[in-house]
Amino acid sequence: MRSILRWLPLPVLLLSLWLLLNDSLSTGQIALGLSIAVCLSLLAPILRPVRARLRHPITALRLTWHVACDIAQSNYLVSRRILLGDRTQASPGFLDIPLRIQDPHGLAALACIVTFTPGTVWSGHDTQRNILTLHVLDLSDAAALTLVIQERYEHPLMEIFE
């Protein structure tokens, strides 16, 4: 019974989204949505073989707060750069950052954090040497940005996922 209750939320969510997006509660839509929801729910574990466990929820909350503050600050700086143009003397460029994190969920979270922050884009990840390549709108202090990525984001993600 417990395994059914653990499996049930995904098909219910998928069926609900199907009916909401189709804006119909007809029998045909319910049957089609239910069959798609059950099939996708059965295939979902195959697509995600590695399970993630949240080991330190307080660290995750602190990281969420830091990311929210950094996104707000970066929004201000990017908008300032747009409004002032070349007077800000920003120098865009690529930055290679060595990483220690190995967990695929932690790397995915780091990719989301970097991409959500305006002015930075995840450009690549060398899996052999574990080096992250970022494109940064203002690369005036590469050492400080490297330290922010490693200490403010990577270290908490390693605590949470590894």
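Helix α2 passes helix α3 in a right-handed crossing, a crossing being right-handed if the near helix is turned clockwise from the far one by less than a right angle, and left-handed if anticlockwise. The model is predicted, so that local features require a pLDDT of at least 70 and side-chain atom pairs count only at pLDDT 80 or more, whereas totals for chains, interfaces and linings use all residues. Residues are numbered from 1 along each chain as its sequence is written, and side-chain values use heavy atoms, with hydrogens and water left out.

Helix α2 spans residues 9-22 and helix α3 residues 27-47; helices are DSSP runs (H or I, at least four residues) numbered from the N terminus. Their axes come within 8 Å and cross at roughly 140 degrees, where axes are lines fitted to C-alpha atoms over the stretch in contact and angles run from 0 to 180 degrees between N-to-C directions. The two helices are therefore oblique to each other (under 35 degrees counts as roughly parallel, over 145 as roughly antiparallel, 65 to 115 as roughly perpendicular and the rest as oblique). Contact (heavy atoms within 4.5 Å) involves, among others, Leu-10, Leu-14 and Trp-18 of α2 and Ile-30, Leu-34 and Leu-40 of α3. The contact residues comprise 13 nonpolar, four polar and no charged, with Ala, Val, Leu, Ile, Met, Phe, Trp, Tyr, Cys and Pro taken as nonpolar, Asp, Glu, Lys and Arg as charged, and the others, Gly among them, as polar.

For α4 and α6, the axes come within 10 Å and cross at roughly 155 degrees; these helices are therefore roughly antiparallel. The crossing of α4 past α6 is left-handed. Residues making the contact include Leu-63, Val-67 and Asp-70 of α4 and Arg-152, Tyr-153 and Leu-157 of α6. Seven nonpolar, two polar and three charged residues form this contact.

Two salt bridges are found in a search of the whole structure, a salt bridge being a side-chain nitrogen of Lys or Arg within 4 Å of a carboxyl oxygen of Asp or Glu. One joins Asp-70 and Arg-152, with the closest N and O atoms 2.9 Å apart. Asp-70 lies in α4 (residues 57-84) and Arg-152 in α6 (residues 142-161), so the pair ties together parts 82 residues apart in sequence. Asp-70 is buried, at 11% relative accessible area, whereas Arg-152 is partly exposed at 29% (buried is under 20%, exposed over 50% and partly exposed in between, with a 1.4 Å probe and protein chains only). A salt bridge also links Arg-129 and Asp-126, at 2.8 Å from N to O. Arg-129 is exposed, with a relative accessible area of 57%, and Asp-126 is partly exposed at 26%.
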